[in-house]
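Visitor: I'm new to this one. Can you put it on screen and walk me through it?

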Amino acid sequence: MCRSIKTLRPPALPEEATEEEIRAAALQYVRKVSGFRAPAAHNQEVFEQAVAAVAEATAELLAGLEVRGQKVRA
């Protein structure tokens with residue numbers, strides 16, 4: 001998919017992913033899917049909405065994952 005998106009769960013990431021790391025991954029995903037590194041002004045709002053939605057879904061995913069019987073995030 002996108003090689004610049006890093007794994008955000010242990011053991012790949014020793015500590016809990018920060019909001020900044022989650023948003024950066026979401027931004028890379030939206031850039032890849034849309035084909036735009038920086039959207040034109042008329043696409044900026046929908047682009048930012050997509051980044052926020054992907055970041056929220058990512059945070060929910062990480063909060064619910066279990067690794068070897070343990071929750072990744074509380």
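Guide: What follows is a quick tour, from the overall fold down to single residues.

Visitor: What kind of model is this?

Guide: It is a predicted model. The protein chain averages a pLDDT of 87. Of its residues, 88% score at least 70.

Visitor: Which element has the lowest mean pLDDT, and which the highest?

Guide: Strand β2, residues 70–71, has the lowest mean, at 57. Helix α2 has the highest, at 96. Where pLDDT is low, the predicted coordinates should not be read in detail.

Visitor: Noted. How many helices and strands are there?

Guide: The protein chain has 2 helices and 2 strands. Along the sequence they run α-α-β-β.

Visitor: And how much of the chain is buried?

Guide: The protein chain has 74 residues, and 24% of them count as buried. Its accessible surface comes to about 5,500 Å². Carbon and sulfur atoms hold 53% of that surface.

Visitor: Let's go inside. Which residues make up the largest nonpolar core?

Guide: That core has 12 residues: L8, L13, A17, I22, A25, A26, L27, V30, F47, V51, A55 and L62. Two elements give two or more residues to this core: α1 (19–34) and α2 (44–64). Helix α1 gives the most, with 5 residues. In soluble globular proteins, nonpolar side chains tend to be buried together.

Visitor: Which of its residues are buried?

Guide: In α1, the buried ones are I22, A25, A26, L27, V30 and R31. Helix α2 is among what covers them.

Visitor: Pick one of those for me.

Guide: I22 counts as buried because its relative accessible area is 4%, and the cut-off is under 20%. I22 and L8 are 14 residues apart in sequence. In space, their C-alpha atoms are 7.6 Å apart.

Visitor: And Q28, buried or partly exposed?

Guide: Q28 also lies in helix α1. Q28 is partly exposed, with a relative accessible area of 23%. Its C-alpha is 8.7 Å from that of V51, though Q28 and V51 are 23 residues apart in sequence.

Visitor: What happens just after α1?

Guide: There you find G35, which takes a positive phi of about 85 degrees.

Visitor: New topic. How many salt bridges are there in the whole structure?

Guide: The search finds 2. In one, the side chains of K6 and E21 meet at 3.3 Å, N to O. This pair links distant parts of the chain, 15 residues apart. K6 sits in the segment before α1, and E21 in helix α1. K6 is partly exposed, at 45% relative accessible area.

Visitor: And the other?

Guide: The side chains of R23 and E48 meet in a salt bridge at 2.8 Å, N to O. R23 lies in helix α1 and E48 in helix α2, so the pair ties together parts 25 residues apart in sequence. R23 is partly exposed, with a relative accessible area of 36%. E48 counts as partly exposed too, at 30%.

Visitor: Show me another spot in α2.

Guide: Look at V54, in helix α2. Leaving aside neighbours within four places in sequence, V54 is in contact with A26, Y29 and V30. V54 and R23 are 31 residues apart in sequence, with their C-alpha atoms 8.1 Å apart in space.

Visitor: One last stop. Where is A59?

Guide: A59 is in helix α2. At 26% relative accessibility, A59 counts as partly exposed. A59 and A17 are 42 residues apart in sequence, and 8.7 Å apart in space, C-alpha to C-alpha.

Conventions: Residues numbered from 1 in each chain as written. Predicted model: local features only at pLDDT ≥ 70, side-chain atom pairs only at ≥ 80, totals over all residues. Heavy atoms only, no water. Helix = DSSP H or I, 4+ residues; strand = E, 2+ residues; numbered from the N terminus. Buried < 20%, exposed > 50% of the residue type's maximum accessible area, 1.4 Å probe, protein only. Areas by Shrake-Rupley, 256 points an atom, 1.4 Å probe, with all protein chains shown as cover. Core = buried A, V, L, I, M, F, W, Y, C linked by side-chain atoms within 4.5 Å. Salt bridge = Lys/Arg side-chain N within 4 Å of Asp/Glu carboxyl O. pLDDT = per-residue confidence, 0-100. Contact = heavy atoms within 4.5 Å.
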